[in-house]
Amino acid sequence: MNMNNKELLARRDKALPRGAATALPVFVKKATGSEIWDVEGNHYVDFASGIAVNNTGNLHPKVVEAIEAQLKSYAHIGFPVLSCEPYVRLCERLIELAPISDAKATLFTTGAEATENAVKVARYYTGRQGVVTFTGSFHGRTQLALAMTGKVQPLRTGVTPSQAGVYQVPFPIEHHGTSEQDSLKALDHLFRATISPDQVAAIVIEPVQGEGGFYQASPAFMQALRKICDDHGICFVVDEVQSGFGRTGKFFATEHAGVQPDLIAIGKAMGGGLPLSGLIGRSEVIDAPPPGFLGGTFAGNPLACAAANAVLDVIESEGLLARANAIGQKIQSFLTDLKGAAGVLPLGDIRGLGAMVAFEIVSEAGTHTPDADATKRVAAKAKELGLLLLPCGYYGNTIRVSAPLTITDEILETGLSRLAGALKA
Ligand code: PMP
């Protein structure tokens, strides 16, 4: 069948609701490693990684081999029915890697399930209802996860999620006018004015915000939150769905802060492209709920577990944590060189932790005034030049670079030169 993007888009628009949107008007034909080809044969360098999923690239041979081997035994049994070894092995490895002494882990399918279950466990353990999250956060699209999520457009619009006991305080972004002291003061006000801290089950934070714009919570801020949680018996929950699995140059971004959380929500990159998520927790906390409280029909699917075990092997054997730092440094210095050069759009803040790199597009050089429209145009132009880029950010003016950690220097260079083209004024 002869297919082109335009015809497929017309079919798509007829059959799918507009709410199920796709960033770019392109239909994929094939993807491998850090490269993608569309149905018309156009080539793209992948700086999106399927939203931070393909840390080990598309179809990593070791991941493919593990899935194929698992397919020869069984595809689905249902963990609530019979146990399977790849699930247990994965949890054993996750609790070794997690910055929590004495941990246990369990698996789900999506990131939203991971964050919702984190809250459910924290509520059970503490016997309290309150949950504090941050502006600009993204925790998922289901109702509780959406209530925790701190961005109206296009997520919460029209369905303001009413979930009792979920409150948001400002995430600190110094160059947009909110300091860490401002955030901590807002939390203090929340505890004085709205909900007593002894009614709060969890404070939930992304150590580096993903959809919110790759803003990092500093080690000092994470430590301050840990202390507040300790002082009031609150569970400290980190959402590492986007920042985990080596993206920031450490296995978990929380490790940069030197604190131990009570619960860690994980997902995205862990399944090597197959849907898989999980929750790691301090044993006392995650072991509190009774049998049957945690789980799901597809939770910890055996194929996804086999893939995830291979992902862990690849991260280790290919030294992807060090590679994340090298890639990140290269992208950041490329952007720093480009900033202020003649004929380039005005760039604002450039930031990154490991290979979680982002930059802002501003209306005037030397300011931090967001230009969300120009940011959208950059992503569209990048697509024309053969580069997949995802805009994000609380102010809509951030471009994130989430290249696979397995990207070769050569493909990275190609991607960066296409990026330079997309940033031409
Ligand atoms: N938490 C974070 C930090 C995320 O980035 C995302 C997805 N972008 C989610 C939770 C939700 O994951 P999912 O889409 O798999 O439900």
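Here are some numbered notes on the predicted model shown above.

1. Let me start with the overall build. The protein has 14 helices and 15 strands. With a radius of gyration of 21 Å, close to the 22 Å that the globule rule gives for 425 residues, the protein is as compact as a globular protein of that length. Along the principal axes, the C-alpha atoms fill a box of roughly 55 × 55 × 45 Å.

2. Next, the surface and the interior. Of the 425 residues, 53% are buried. The accessible surface comes to about 18200 Å², and carbon and sulfur atoms hold 53% of that area. Among contacts with a separation of 6 or more, 71% join residues 24 or more positions apart.

3. The domain assignment is worth a look while you have the model open. Domain 1 is given as 5-60 + 319-422, and domain 2 as 63-317. The centres of the two domains, taken over C-alpha atoms, are 25 Å apart. Where they meet, 36 residues of domain 1 are in contact with 37 residues of domain 2.

4. Leaving aside residues up to four places away in sequence, His-60 touches Val-314, Glu-318 and Thr-406.

5. Beyond residues up to four places away in sequence, Leu-338 touches Val-344, Ala-420 and Leu-423.

6. The peptide bond from Gln-153 to Pro-154 is cis, with omega near -5 degrees, and Pro-154 is placed in helix 7, residues 152-156. Ile-51 has a positive phi, near 60 degrees, without being a glycine. Ile-51 is found in helix 2, residues 49-52, and is partly exposed at 35% relative accessibility. Asp-102 also has a phi near 60 degrees, again a positive value in a residue other than glycine. Asp-102 lies in the loop between helix 4 and strand 4 and is exposed, with a relative accessible area of 59%.

7. Now to the charged pairs. Side chains of opposite charge can pair when their charged atoms come close. The structure holds 17 salt bridges. One of them joins Arg-93 to Asp-313, with the closest N and O atoms 2.6 Å apart. This pair links distant parts of the chain, since Arg-93 is in helix 4 and Asp-313 is in helix 11 (residues 302-317), 220 residues apart. Both partners are partly exposed: Arg-93 has a relative accessible area of 22%, and Asp-313 has 38%.

8. Which parts does the salt bridge between Lys-104 and Asp-287 tie together? The N to O distance in this pair is 2.8 Å. Lys-104 is in strand 4 and Asp-287 is in the loop between helix 10 (283-286) and helix 11, so the bridge ties together parts that are 183 residues apart in sequence. Lys-104 is partly exposed at 39%, as is Asp-287 at 45%.

9. Lys-227 and Asp-231 give a local example. Their side chains meet in a salt bridge with an N to O distance of 2.9 Å. The two residues are four apart in helix 9 (residues 219-232), which means that about one helical turn separates them. Asp-231 is partly exposed, at 49% relative accessibility. There is also a network of salt bridges to trace, linking Arg-226, Asp-230, Asp-262, Arg-282 and Glu-284.

10. Finally, please have a look at a nonpolar patch on the surface. Ile-77, Val-81 and Leu-82 form this patch, and together they have about 280 Å² of accessible area. Is Val-81 buried or exposed? Its relative accessible area is 60%, so Val-81 counts as exposed. Val-81 lies in the loop between helix 3 (61-71) and helix 4 (85-97).

How values were computed. Residues numbered from 1 in each chain as written. Predicted model: local features only at pLDDT ≥ 70, side-chain atom pairs only at ≥ 80, totals over all residues. Heavy atoms only, no water. Patch = residues over 30% accessible without salt bridge, like charges linked within 9 Å, V, L, I, M, F, W, Y side chains within 5 Å. Areas by Shrake-Rupley, 256 points an atom, 1.4 Å probe, with all protein chains shown as cover. Salt bridge = Lys/Arg side-chain N within 4 Å of Asp/Glu carboxyl O. Buried < 20%, exposed > 50% of the residue type's maximum accessible area, 1.4 Å probe, protein only. Rg over C-alpha atoms; globule rule 2.2 N^0.38 Å. Contact = heavy atoms within 4.5 Å. Domains from an automatic or database assignment.
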